[in-house]
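Have the sequence and the 3D view ready as you read.

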Amino acid sequence: MPDDAEDGRSAPPPASQGRRSAATTPVAEHDAAASCRLFLALWPTPAEKEALLHYQRRWSWPPTAAPVAAERLHLTLHFIGALPRSRLPELSTGLRVACDPFELVLDRAEIWPRGLVVLRATSPAAALQQLHGRLGEALQALGLSLEKRRFRPHVTLARRAAGSLPPLAGVELRWLVSGYTLVESLAGAAAGYVVRQRYD
């Protein structure tokens with residue numbers, strides 16, 4: 001999934017506000033003509049994030065490994081890519097879809113190519129697949145194309161981590177999901193994540 005592209009090259013976001021770990025931030029008028037790099041994601045609550053960090057710390061990482069910082073932990077639903085910032089109001093409205101509350105169980109750790117360590121759901125909830133599908137339809141209705149890669153819901157724990165050793169004990173982290181977020185990945189001196197819209 002694309003979160004290995006969007007969450008590893010940015011610095012921590014601003015201090016969090018509200019229930020989730022990043023805050024919805026309005027777009028300044030002087031930024032309206034610029035482009036922005038966007039994705040849709042599930043964001044962990046503070047308790048869910050702490051559980052992820054606890055599990056992450058139990059791994060044995062090689063010197064080359066780059067564990068994902070707490071502020072960057074999330075599950076990507078759709079990677080949107082670069083768009084004119086002027087489209088943000090349209091996207092904020094057009095990407096609102098039904099989201100039935102569900103439980104997400106992250107219970108399988110894997111090491112993917114290029115040393116990407118992920119925690120994924122062995123049996124994703126049907127409601128998650130439905131949410132992903134509805135958002136895909138909303139993106140297409142906005143004239144945006146979808147990624148061709150199969151949706152494999154996961155949270156990235158570390159990069160460049162080939163040869164890492166997982167904890168001996170298994171894992172079963174549970175997220176109670178009742179919404180999703182539209183997130184901007186900033187670049188340059190302002191690098192970080194900004195939640196542009198929260199859908200609860």
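The structure holds 10 salt bridges. Keep in mind as you look that this is a predicted model.

How accessible are the two partners? Arg174 has a relative accessibility of 42%, so it counts as partly exposed. Glu103 is partly exposed too, because its relative accessible area is 36%.

Arg174 has another partner to show you. Its side chain also meets that of Glu172 in a salt bridge, at 2.8 Å from N to O. Glu172, with 49% relative accessibility, again counts as partly exposed.

Now turn to Glu184 and Arg196, whose side chains meet in a salt bridge with an N to O distance of 2.7 Å. This pair also links distant parts of the chain, with Glu184 in strand S9 (residues 180–186) and Arg196 in strand S10 (residues 192–199), 12 residues apart.

Is Glu184 buried or exposed? At 2% relative accessibility, Glu184 counts as buried, because the cut-off for buried is under 20%. Arg196 falls under that cut-off as well, so at 11% relative accessibility it is buried.

To finish, bring Arg85 into view: together with Glu184 and Arg196, this residue is part of a network of salt bridges.

Note on methods
Residues numbered from 1 in each chain as written. Predicted model: local features only at pLDDT ≥ 70, side-chain atom pairs only at ≥ 80, totals over all residues. Heavy atoms only, no water. Salt bridge = Lys/Arg side-chain N within 4 Å of Asp/Glu carboxyl O. Buried < 20%, exposed > 50% of the residue type's maximum accessible area, 1.4 Å probe, protein only. Helix = DSSP H or I, 4+ residues; strand = E, 2+ residues; numbered from the N terminus.
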